[in-house]
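Subject: Structure handover

Hi,

Here is the structure I promised to pass on to you. Please have it open while you read, as my notes come after it.

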Amino acid sequence: MRKYLFSAGFALLVAATSVSMAVMTPPAFASAIKYVVNDVPITSGDIAHRAAFLKLQRKKGDAAQEMIDQTLRLAEAKRLGIRISDAQVEAAYQRFATNNKMQLSQLDGVMEKSGVGKDHFKEFIRAQMAWNQALSARYRSGEGGSVTEQDAVRRMLDKGGAKPSATEYMLQQVIFVVPASERSATLAKRKREADAMRARFNGCNTTREFAKGLLDVTVRDLGRVLAPQLPPDWAEQIKATKVGGATTTRETERGVEFIGICSSREVSDDKTAQMVFQSEGSSDKAADELSKKYVDELKAKARIVKR
């Protein structure tokens, strides 16, 4: 499924708002419970923050309904075993600031002065990241409109019988493991070690030799992966990295990681055709429709009590 967090319009709006809100005072919100969704409370404060978020995006919408939907999405992701760590959320928040040429303090200020609050925005990020993974799991499992072999054949005929091609990568994952109990004390040190090893990376054949003298470093051969199958969090970096090179390091729930590009080639076969057409089918509109259908199913089974 598509990987998205924020619209480009919202990003630009936030950047512009960072200047215009310099003298505003952030509103204070109450916190009475307004809804209980499967035993999870939603407060008037939550709803007010979301209303401010919609206003900041210049979007129309029902803030209470959005919070109900978000609560259902997070619960479903949890049921599926999907966990988005605080480190992943902080990294996404930092990337959002960087991409909009803002310091973290500036973004914090925009969130607070607009009434959204950085904590509410970060929880939105967590929910979006988790929901993207939930959608991907459902999509790959064949629910909600995966492309069958018959669909692939039909589309090939529509295109004059030509099979589409895709890049097939041979990948290697390097993980500098950081136990959760040691994260605050050792993460920065492990990041420096990972950056140093990544700078020396010159192909997958020597990775294990480099890792021999390092503590708690895991090297995993990921095998052959077609471009449409690349993990969403890594896809753009992998595609932009030359063979023999490695992506930049990223902090994850496991520690600090990077991915080496062992080789790549263009392939075209029945499996590739099915995968490419399936990827083409996951347009924004299709993703929105699948997401809505999924949430509606969750809502139909949920216990939602209005206070």
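This is a predicted model: local features need pLDDT of at least 70, side-chain atom pairs count only at pLDDT 80 or more; totals for chains, interfaces and linings use all residues.

Let me start with the open sheet. Four strands make it up, in the order β4-β3-β6-β5, and their pairing is antiparallel. At the edges sit β4 (217-226) and β5 (250-251), each of which pairs on one side only. Strand β5 is joined by two bridges to β6 (residues 255-267), and these two run antiparallel. Within that pairing, Glu251 is found opposite Val256 of β6. A helix also packs on this sheet: α8 (residues 183-200) touches β3 (166-177), β4, β5 and β6. The direction of α8 makes about 35 degrees with that of β6.

Strands β1 and β2 run antiparallel, joined by four bridges, and they form a hairpin with two residues between them. Val37 stands opposite Val40, a residue of β2. Strand β1 also pairs with β7, again in the antiparallel sense, over three bridges. There, Val36 has Val305 of β7 as its bridge partner.

The hairpin leads on to a salt bridge. Asp39 pairs with Arg303, and their closest N and O atoms are 3.1 Å apart.

In total, the structure holds 19 salt bridges. Here are some others to look at:

- Arg50 and Glu66 meet through their side chains at 3.3 Å, N to O. This pair links distant parts of the chain, with Arg50 in helix α2 (residues 44-57) and Glu66 in helix α3 (residues 63-79), 16 residues apart. Is Arg50 buried or exposed? Its relative accessibility is 2%, and buried means under 20%, so Arg50 counts as buried. Glu66, at a relative accessible area of 24%, is partly exposed.
- Lys212 and Glu209 form a salt bridge at 3.4 Å, N to O. Lys212 is exposed, with a relative accessible area of 65%, and Glu209 is exposed as well, at 51%.
- Asp86, Glu123 and Arg126 are linked in a network of salt bridges.

The axes of α4 (residues 86-99) and α5 (residues 104-113) come within 9 Å and cross at roughly 100 degrees. Angles of 65 to 115 degrees count as roughly perpendicular, so α4 is roughly perpendicular to α5. On the α4 side the contact involves Tyr93, Gln94, Phe96 and Ala97, which meet Leu104, Leu107, Asp108 and Met111 of α5. Sorted by class, the contact has six nonpolar residues, one polar and one charged.

Technical notes
Residues are numbered from 1 along each chain as its sequence is written. Side-chain values use heavy atoms; hydrogens and water are left out. Two strands pair if DSSP finds at least two bridges between them. Contact means heavy atoms within 4.5 Å. Axes are lines fitted to C-alpha atoms, for helices over the stretch in contact, and angles run from 0 to 180 degrees between N-to-C directions. A salt bridge is a side-chain nitrogen of Lys or Arg within 4 Å of a carboxyl oxygen of Asp or Glu. Buried means under 20% relative accessible area, exposed over 50%, partly exposed in between (1.4 Å probe, protein chains only). Angles under 35 degrees count as roughly parallel, over 145 as roughly antiparallel, 65 to 115 as roughly perpendicular and the rest as oblique. Ala, Val, Leu, Ile, Met, Phe, Trp, Tyr, Cys and Pro count as nonpolar, Asp, Glu, Lys and Arg as charged, and the others, Gly among them, as polar.
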